[in-house]
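Q: Please walk me through this ligand site and the domains around it. Where do we begin?

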Amino acid sequence: MKRIGVLTSGGDAPGMNAAIRAVVRTAISEDMEVFGIERGYEGLINGEIRKMGMSSVGDIIHRGGTILKTARSERFITPEGFQRALDMIENFGLEGLVVVGGDGSLTGGLELTRAGVPVMGLPGTIDNDLAYTDFTIGFDTTVNTVLSAIGNIRDTSSSHERTTVLEVMGRNCGDIALYAGLAGGAETVLIPEVEADLSSICRKIIIGKNRGKVHSLILHAEGVKMSSRELARILEERTGVETKVVVLGYIQRGGSPTARDRMLASQVGYRAVKLLKEDSSSRAIGIRGNEIFDMDLEEALKMQRIADTSLIRLAEILA
Ligand code: F6P
């Protein structure tokens, strides 16, 4: 394979730039031409495609977001939009694509595979919701951003002797809440995968208060059925402790990627290009037990994620 494209799609994630850099520079070192596709599948449909050189990815490894921009393309899932995307791939002579994104983006890649385009899927999402890989690019940075917010929240909530419900992102996956909750010493972690027990949360707040705890922290994953505001209202009513809500929002999607995310992005980006060079069929690339690996893209997307609920119990024991 001589000519490939790279795109980022869906929600941006810190480390996407490191992945683009790895793809571009590995391709050049393998004597391949590499094209950056802007705004994900939307840019593919519009033909927003430009040749990338060594210096086009200079000075980006430390930057959050994505220099290629990203989008959630509605048109790509229409027959006309999809056909236009295929036409562009042909017009630009692209023989394979590297797609950096989450579940929806890699599923888009699978559709291209079915139409005969080899696609390498790189896990790029803060949500950590792809079952085939232990970790996704961006997750570690986001957890660290949440931890830094927890530090600030602790200062003010202990001064005021409050309970704080901290809502974090993750869509239907509770991993951001789970990891940040455990690492940040939260009393309770609520995730969509496990039903909440309100009485036990209230009991914990009251017991904590009686033994001199000056604040309580509850990590709430956005996918939990009961909203963070409703939860805070009920907790305040039942415990008598003033309860505030913090919705962290997009702060947790930006920022300079951690070393771990840069490493992961660089390694999976490199593997993707090597596979395309060897004319491999479509693969999903990820990390398992510290080893970079690849597997059939379709099989990877069929896998079901199971939350590690032992981490919730551990957070509760240790808080
Ligand atoms: O998938 C990443 C993510 O940040 C989710 O955690 C969140 O639910 C969603 O994207 C927000 O999407 P948007 O940027 O479209 O508001």
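Q: How far apart are the C-alpha centres of domain 1 and domain 2?

A: They lie 34 Å apart. Domain 1 is 3-138 + 257-302 and domain 2 is 140-253, with bounds from an automatic or database domain assignment. This is a predicted model: local features need pLDDT of at least 70, side-chain atom pairs count only at pLDDT 80 or more, and totals for chains, interfaces and linings use all residues. Residues are numbered from 1 along each chain as its sequence is written, and side-chain values use heavy atoms, without hydrogens and water.

Q: How many residues of each domain are in contact?

A: Contact means heavy atoms within 4.5 Å. Here, 14 residues of domain 1 touch 13 residues of domain 2 in this sense.

Q: Which residues surround the ligand?

A: A residue counts if one of its heavy atoms lies within 4 Å. The shell is R72, I126, D127, M169, G170, R171, E222, Y250 and R253.

Q: How much of the ligand's area does the protein bury?

A: Accessible areas come from the Shrake-Rupley method with a 1.4 Å probe. Alone, the ligand exposes 400 Å², and the protein buries 76% of that.
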